[in-house]
Amino acid sequence: MSIVEQTSVDAPEVGVSEATAGDFLALLKPRVMSLVVFTALVGLVAAPVPLDPILASISVLAIAVGAGASGALNMWYDADIDRVMSRTARRPVPAGRVQPGEALGFGLFLSLLAVLTLGLAANWLAAAVLAFTIFFYAVVYTMWLKRWTPQNIVIGGAAGAFPPVVGWAAATGSLSLESLILFAIIFLWTPPHFWALALFKAGDYGRAGIPMMPNVAGEASTRRQIFAYTLLVAPIGVLPWLLGYVSAGYGLVAAALGAGFIYYAWGVLRMKPSDTAMAPAKQMFGFSLIYLFGIFAAYLVDVVAARVLASGAFL
Amino acid sequence: MATPERDKPVETVELTEKQRKARRNRSVAIAIALAALVVIFYLVTLAKGPGMMNRPL
């Protein structure tokens, strides 16, 4: 579907807007943004360089606004399918509180502002990676992959995996293996996370015509793939310790979380086709959020603790 | 005699109470965002130091 068709079909009659600031804030997908802020912060703090607290805070803010802007662009483009899905029908554009053109302008303006601010406050490599992330999410994922292939969230997961790389680049002006491992953790975590959701929301995705894995390959295949990706992400989560970037404390937490993730994925794998409540898939979706937050929190605590110990500040 | 075009009352949009409140809400949010931007760029300039101003003309 082209951009021109999308806007001309969706544009309602011209009128005075009743949108509040809260509606525009909702366009930024605050819950997704909070995860982006957290993972970007970990990337920034984990970098082995001294940080200026003001520039670091402004960099995180710019990354958050950039992530929010890509969310607004996503809501502009996806208003037609958001309207038919129960999970997204109350979003500002499908609900009619914000016009599609307003969401598009808001998203484009904030994208530009976020990239320029990050370039000025940190460096232009970080700004370029942020710009690429916004492009990847809004254009590659939203406009191209999402409606075309069941591998949509596998490839599109890269957009959600970039924030720690942007954070690291903002601190150091470079990319490194450490930040790429953080990228890999989120990248490999995304398919089991979203497919667990897609299993119990398959009806929604089916109505919207989105080719999610359960709708295309079936539930049995999706369950097997969830388990396979979980087997991949669990050892990658422990990798920062194995490579000596963090201590055994992190390694233990990551191993325990990975074992938990595999346990829940095993539950999903063994789920009976007759199970319409899909409790194991719902539990796995909930645990996937705990897993990602736990891994990054452990990384952050480990890095900060190592610095405090090295500086002797506790003595 | 017909009223000249320039003397006719200008047609304006009468806002409903909800629209008026929403517009005020947006205006306040924009004002706060602009003030925050000023502070942010002021802080960036301070944090980057005088070196930021030393560039070839």
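Just after H9 of chain A, A:Gly173 takes a positive phi of about 75 degrees. Helices here, H or I of at least four residues, and strands, E of at least two, are DSSP runs numbered from the N terminus. This is a predicted model, in which local features need pLDDT of at least 70 and side-chain atom pairs count only at pLDDT 80 or more, while totals for chains, interfaces and linings use all residues. Residues are numbered from 1 along each chain as its sequence is written, chains are lettered from A and ligands numbered from 1 in the order in which they are written, and side-chain values use heavy atoms, with hydrogens and water left out.

Back to H9 itself. Helix H9 spans residues 163–172 of chain A, and nine of its 10 residues are buried, so the helix is largely enclosed by the rest of the structure. Buried means under 20% relative accessible area, exposed means over 50%, and partly exposed is in between, with a 1.4 Å probe and protein chains only. The buried residues of H9 in chain A include A:Pro163, A:Pro164, A:Gly167 and A:Trp168.

A:Lys29 has a positive phi of about 50 degrees. A:Lys29 sits in the loop between helix H2 (21–27) and helix H3 (30–46) of chain A, and counts as buried because its relative accessible area is 13%. A:Met278 has a positive phi of about 55 degrees. A:Met278 lies in the loop between H14 and helix H15 (279–311) of chain A; its relative accessibility is 6%, so it is buried.

Next, the rings. Rings of Phe, Tyr and Trp (for Trp, the six-membered ring) pair if their centres lie within 6.5 Å; planes under 30 degrees apart count as stacked, over 60 as edge-to-face, and the rest as tilted. How many aromatic pairs are there over all chains? The count comes to 18. One is edge-to-face: A:Trp76 and A:Tyr77, at 5.7 Å centre to centre with 65 degrees between the planes. A:Trp76 is buried at 3% relative accessibility, and A:Tyr77 is buried at 2%.

Another pair is A:Phe227 with A:Trp266: the ring centres are 5.8 Å apart and the planes are at 55 degrees, so this one is tilted. The pair links distant parts of the chain, with A:Phe227 in helix H13 (residues 219–242) and A:Trp266 in helix H14 (residues 248–269) of chain A, 39 residues apart. A:Phe227 has 16% relative accessibility and counts as buried, whereas A:Trp266, at 42%, counts as partly exposed.

There is also an aromatic cluster, formed by A:Phe132, A:Phe135, A:Phe136, A:Phe162, A:Phe183 and A:Phe187. Of these, A:Phe135 is found in helix H7 (residues 124–145) of chain A. A:Phe135 is partly exposed, with a relative accessible area of 42%.

One charge-over-ring case: the charged end of A:Lys282 sits over the ring of A:Phe200, 5.7 Å from its centre. The criterion is NZ of Lys or CZ of Arg within 6 Å of the ring centre and within 35 degrees of the ring normal.

In H15 of chain A we also have A:Phe287, which is buried at 13% relative accessibility. Which residues does A:Phe287 contact, leaving aside its neighbours within four places in sequence? They are A:Leu257, A:Gly260, A:Phe261 and A:Tyr264, where contact means heavy atoms within 4.5 Å.

Now chain B. Chain B has one helix and zero strands. Of its 57 residues, 12% count as buried. The accessible surface of chain B comes to about 5,200 Å², with 63% belonging to carbon and sulfur atoms; areas come from the Shrake-Rupley method with a 1.4 Å probe, and for residues only the protein chains shown count as cover.

An unreviewed UniProt entry annotates residues 28–47 of chain B as "transmembrane region". UniProt positions are in the numbering used here, feature names are shortened, and annotations may be inferred rather than shown by experiment. In the model that span is 100% helix and 0% strand, and its end C-alpha atoms lie 28 Å apart.

Last, the interface. The contact takes 18 residues from chain A and 16 residues from chain B. The two chains bury about 1,400 Å² between them, 73% of it on carbon and sulfur atoms. Buried area is the accessible area (1.4 Å probe) that two parts lose on being put together, summed over both. Which three residues supply more than any other three of the area that chain A buries against chain B? They are A:Val16, A:Glu18 and A:Leu120, with 35%.
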